[in-house]
Amino acid sequence: MNSLKGTLMDEKTLAPRTGLRGRPLLVRLIVIFVLLAAALALPYITTGYYVSLGSLIAASAILAASVNMLAGDGGLVSLGHAGIAAAAGYGLAWSAKEGFELWAQLLVALGLTLLVSALFGLVSMRTRGVFFLMVTLAAGMICYGIAFRWSAVTGGDNGLSGIRRPEAIAPYWTFYFAVLVIFIIATLALYMISRSPFGLVLRGIRDSESRMRSLGYPIAAYKFSAMMLSGFFAGVAGVLLVWHAEFVSPTLGDFIASAMALIMVVLGGLGTVSGPLVGAAIVILIQQVLSTHFDRWSTVLGALFIASVIFAPKGLVGGFHSLVGWIRGRLTGKPAAPHIPKEPKSEG
Amino acid sequence: MQRRIAKRGFLALTAFSAAFLLAACAPPGAQQAEEAPAGEGGVYKVGLLLSQTGFAASTGTDLTRGWDLYWQQHDNTAGDFTIESIYEDDASEPETALTKTQRLIQEENVDVLVGPILANNALAVADYATQSEVANLTQTSADDLTQRESSPYVLRTGAFAGSQATFAAGAWAADEGYMTAATICPDYAFGWDNCGGFASAYLEAGGEITQQLWYPQGTTDLSTYVAQLASANVDVIFAGTTGGTDAVGFMQAASNFGILDSTPVVTGAATTSSAPLATAGDISLGIHSVGYYAEGLESDVNDEFRAAYEEAYDAIPSVYASGAYLTAQLLDKALTEANGEKLTGEELIEAVKTVAPEADDLLWGKVSFDEYNGVVAPLYVRTVEKRDDGKLWNVVDKTYDDVSQFWTFEPEEWLANPTFNQQFTHQ
């Protein structure tokens, strides 16, 4: 472990990846507090509709963050995470319809999340790259298929309606605050996981699986654990999304939902802390707000995605950091801050 | 390093919790300012939730056309009110449908919601509308919305698929003297309902179903299934396709296997709607179908509607367009009867239920509503024919009046049973 830290920590690649280091602490704190203040003020300056949109964005951002954890640190791109979210959502919805107490509902949701995550982990832990993507895609589609076909329990295509949030978070604004708190806790937790020795090993596996194996790391076990952790956050997102809609149907777990989570990550910035939130905000605002005024919203989303991949491969967050660095370089007359270096191509 | 990060995270968390506690103390201002200004100078706001994008986009186009046409003809006026229509796209997806509903209700303060058409969207929207006490004239095939999940705020003024429409197909097949039948439907809620309606009415009337085939959602090439039908040796075949590519796939395969020449085929309205007919062409001639509306229905109101529709859009009106037009008719009549009183919520639903049976110029014919807010309307058995101008359309063969969502069954018994599924295929 120590030898690994020694080699990896010295590498420059680590620092700008999160975009947090290398800038004065004060600026960073000010930005965070301004954003927090804005998020807290939202229910007081706008209407219920926009507050609900805020809840939806934060809940979707948690799902995107769970995909980001695997994809950013582990290089494991999942196209099936909506399936895990749906498992949690259906667990909650079904037990709510059956009249279970809140704690039991959450227990069922947690149990299903862990079960499905474990299945995801078992089938995918020995794969990587495109194979990992295909296996998670298939696993996600199985979750969708079960929700779609097992109509006696899941309501089939029609889903389950009439689910109510617990009393304390029933009003839209308390629910918003609850989602916000959970989002912040999840983001901090994922950040700490990413910075932990566990996260370092994941990054090592991403960069060179064979080297990590030769160092004696049990690769499959690490991938399995990463999937369990990531799956847990996907499950949290699933519960929040169902509470938001007070409804669940198979579209929560379909391929489009999984793909949207990935698009949010790539658009916002793969492997960045704030990327999932930025990506979720953009995708949802285009999907829900722009579509009111403009029929071709999906074209806009597609064009933005392509433009982001070409011009800002590190997503909007990464692109923003480069831009700030460039402007600062211009203003101070110094050469621009070093552009985010390319990730070393993996495979060893 | 680790400690520094943990410390920073802890700091942020503490600061946030403090801010959160402060913020949560005062109830947000939005809570008080939510009340909508009532009666804004005689404007009656209608929020239409339609699938304008996504896989069901064609239904959104047709519904918009039918709705617009009515209000163009009536100068956007219903009684003392000026109708203001606000369109929203649900992207054929329930999460979006729900967000758009929130916008229509909270931001636009609509007086009534019309739509949506997809079953899962409709269930999500109706639940929210009920909680907000906003009337919802829904257009969906989700039977449960007017059965097990019935709400005083939700009225099904249109139901384009589901089990109700296909009762007439089963009754017709039995009335024609066909003793044995085979069915083919997609293997999910839409298909279970379609085949369920046919099978319930057909078995009730003494017929016998020898074979039931189910194909997975999204299947376009149905030849392996239709080949089994070709050797089924039955008197009549029921096909409950979604009206998408599976409808064309069914008609082409049935034509190739010679079924269309040898065995009568009856389908749901979706299979012989204008899009599949245009693609399949002449092979579809003579196929029977059942629906609440037929383009070739002979009545004054339909002659006028069809002529205006064809002139405005250069297309033959579909069942969906007719449903939107009917909904507009019902809303107009309810608001006209109200004598200037702005009807919303439960009052509007009750008013529509009252005016419908008295009206004699409704597009679908004689329409009323049952106690569960489901539509009771005539069902037309239709046949595909070629019009003088070469276009294919559906003309009326036979009419079954006053068909309710329970057919001839007792509502209590019906509701005690589960919804149709793979195992429970008929009442």
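User: How many Å separate the centres of domain 1 of chain B and domain 2 of chain B?

Analyst: This is a predicted model. The two centres, taken over C-alpha atoms, are 27 Å apart. Domain 1 of chain B covers 39-160 + 300-376, and domain 2 covers 163-291 + 387-416.

User: What makes the two domains of chain B count as in contact, and how many residues take part?

Analyst: Two residues are in contact if their C-beta atoms lie within 7 Å. Domain 1 of chain B gives 17 residues to the contact and domain 2 of chain B gives 19. On the domain 1 side, seven are nonpolar, six polar and four charged.

User: How many residues of chain B are in contact with chain A, and which element supplies the largest share?

Analyst: The contact joins 43 residues of chain B to 39 residues of chain A. α1(B) supplies the largest share of the chain B side, with eleven residues. That side divides into 22 nonpolar, eleven polar and ten charged residues.

User: Why is β9(B) said to pair with β7(B) and with β10(B)?

Analyst: Pairing takes at least two bridges. Four bridges join β7(B) to β9(B), so these strands pair, and they run parallel. β9(B) and β10(B) share three bridges, so they pair too, also in the parallel sense. B:Ala181 has B:Val236 as its bridge partner. B:Ile237 has B:Val265.

User: Which way do the residues of β9(B) point, and are they buried or exposed?

Analyst: B:Val236 and B:Phe238 point one way, B:Ile237 and B:Ala239 the other. All four are buried, so each has 20 or more other C-beta atoms within 10 Å of its own.

Terms used: Residues numbered from 1 in each chain as written. Chains lettered and ligands numbered in written order. Predicted model: local features only at pLDDT ≥ 70, side-chain atom pairs only at ≥ 80, totals over all residues. Domains from an automatic or database assignment. Nonpolar A, V, L, I, M, F, W, Y, C, P; charged D, E, K, R; others polar. Helix = DSSP H or I, 4+ residues; strand = E, 2+ residues; numbered from the N terminus. Buried ≥ 20, exposed ≤ 12 C-beta atoms within 10 Å, placed from the backbone.
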